[in-house]
Amino acid sequence: MTKRIWILGIFAVLGSLALWITRTDAQPGTVKQIVPGVWFREGDLEGMGHCNNIIIEMKDYLIVVDANFPSGARLALAAAKQVSNKPIKYVFDTHHHGDHAYGNPIWTQAGATTLAYKGVAEEMKRYEPARWQATAKGREDVGELHLDAPEPPKQTFDKSPFILKDDTREVRFYYLGWAHTRGDGFVYLPKEKVLCTGDAVVNGPYNFTADANIGNWPTVVRTAQKFDVQHLLPGHGGTSGKEVLEGQYQYMALLHKAVEDAVKQEKKLTDIVDTGTTKMVYGNQVPATTSIKLPENVKNWVGPFFAAHVRDTYDEITQKKPHGDLPH
Ligand SMILES: [Zn+2]
């Protein structure tokens, strides 16, 4: 009897260990090497609202992809110091959203130059400082900086691609069109076949359509699919191969088609989205339910924001303007 309990105990320990290992693999906050000199830090979106960061080692310096929120910036800064003693020279904002760019002052103070496609600075002019001031009320890491507005990227480029190159590596920064925001930047390492997508391509139900051009989004992803990709490093969700590009394309294309069909059938917004019932998702109040259904093959992208995606797509189609151009 005692022996049996002991054996059961061993199984219980092994069982929980296996569970722990699985969780650790998917756990935010971990840093893993993708190829020699390129590391991926998975941000804690659920708990901290953080985005992912990528650290790229050049001959004499480091490049970090995305500034994150200030608290995420500090964690990514510590991760960069752990993997290399080279200085961080550039931090690339893939777009203007707080979880990707509000950490800019932290990197500037650390001696880095924040870099972005010019569209990122323009988006900040369009939407800020209102969003910063609203965020500072709810987020300690933003509030404690005591700034009235976000810090724009210190260096911008308007010709895509902008290229950083030395004897060891080439890193290309691209603008491929308006998808998630008007400033969407991609980072491509041609030799290593690594593509960092920001939030133009996410691996999971993390799409956010408020500032988007939903109708143009699939076109941008198609353009990104022309890159030879072995490692896809998204703004949110885990790393993957190029298959996530096709999934993101399908999700955006099918979402748009489903809503377009409903509009053609002269359905009203309230026929397809329950606009009366809302819930909070990562600090955003969004409609809770929709009658629109998408096929199984894109279920990885269907989550708590889905009814908001349907609403934003409906508004974009019926008002004949990209959602980002509508008052919101
Ligand atoms: Zn975003």
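In this predicted model, the buried residues of helix 12 are covered by several elements, including helix 10 (243-264), helix 11 (269-272), strand 13 (273-281) and strand 14 (284-290). Helix 12 is mostly covered, with 10 of its 13 residues buried. A residue counts as buried if 20 or more other C-beta atoms lie within 10 Å of its own. The run Phe 306, Ala 307, Ala 308, His 309 and Val 310 belongs to the buried set. Arg 311, Asp 312, Thr 313, Tyr 314 and Glu 316 complete the list.

The length of helix 12 was checked next. Helix 12 covers residues 306-318, and at 1.5 Å a residue its 13 residues should span 18 Å. The end C-alpha atoms are 18 Å apart, so the span agrees with expectation. Just after helix 12, Lys 320 takes a positive phi of about 55°.

Helix 10 is one of the elements that cover helix 12. Two packed helices are described by the angle between their axes and the distance between the axes. The axes of helix 10 and helix 12 cross at roughly 60° and come within 9 Å. Helix 10 is therefore oblique to helix 12. Their crossing is right-handed. On the helix 10 side, the contact involves Leu 255, His 256, Val 259, Glu 260 and Val 263. These residues meet His 309, Val 310, Thr 313, Tyr 314, Ile 317 and Thr 318 in helix 12.

Helix 9 passes helix 10 in a left-handed crossing. Trp 217, Pro 218, Val 221, Arg 222 and Ala 224 supply the helix 9 side of the contact. Their partners in helix 10 are Leu 245, Gln 248, Tyr 249, Met 252 and Ala 253.

Thr 278 stands opposite Pro 287 in strand 14. Strand 13 and strand 14 form a hairpin with two residues between the strands. In this hairpin, Tyr 282 takes a positive phi near 45°.

Positive phi values also occur in two other loops. Glu 266 lies in the loop between helix 10 and helix 11. Its phi is near 60°, a positive value in a residue other than glycine. Glu 266 counts as exposed because it has 7 C-beta neighbours inside 10 Å. Lys 193 lies in the loop between strand 10 (185-189) and strand 11 (194-198). Lys 193 is not a glycine, yet its phi is positive, at about 55°. With 16 C-beta neighbours inside 10 Å, Lys 193 counts as partly exposed.

One joins Glu 128 and Pro 129, with omega about 10°. Pro 129 sits in the loop between helix 6 (118-127) and helix 7 (130-138). Another cis peptide bond joins Ser 160 and Pro 161, with omega about 0°. Pro 161 is in the loop between strand 7 (155-157) and strand 8 (162-165).

Note on methods. Residues numbered from 1 in each chain as written. Predicted model: local features only at pLDDT ≥ 70, side-chain atom pairs only at ≥ 80, totals over all residues. Helix = DSSP H or I, 4+ residues; strand = E, 2+ residues; numbered from the N terminus. Expected span 1.5 Å × (residues − 1). Buried ≥ 20, exposed ≤ 12 C-beta atoms within 10 Å, placed from the backbone. Contact = placed C-beta atoms within 7 Å. Pairing = 2+ DSSP bridges. Left-handed = near helix turned anticlockwise from the far one by under 90°. Axes fitted to C-alpha atoms, helices over the stretch in contact; angles between N-to-C directions. Parallel < 35°, antiparallel > 145°, perpendicular 65-115°, else oblique.
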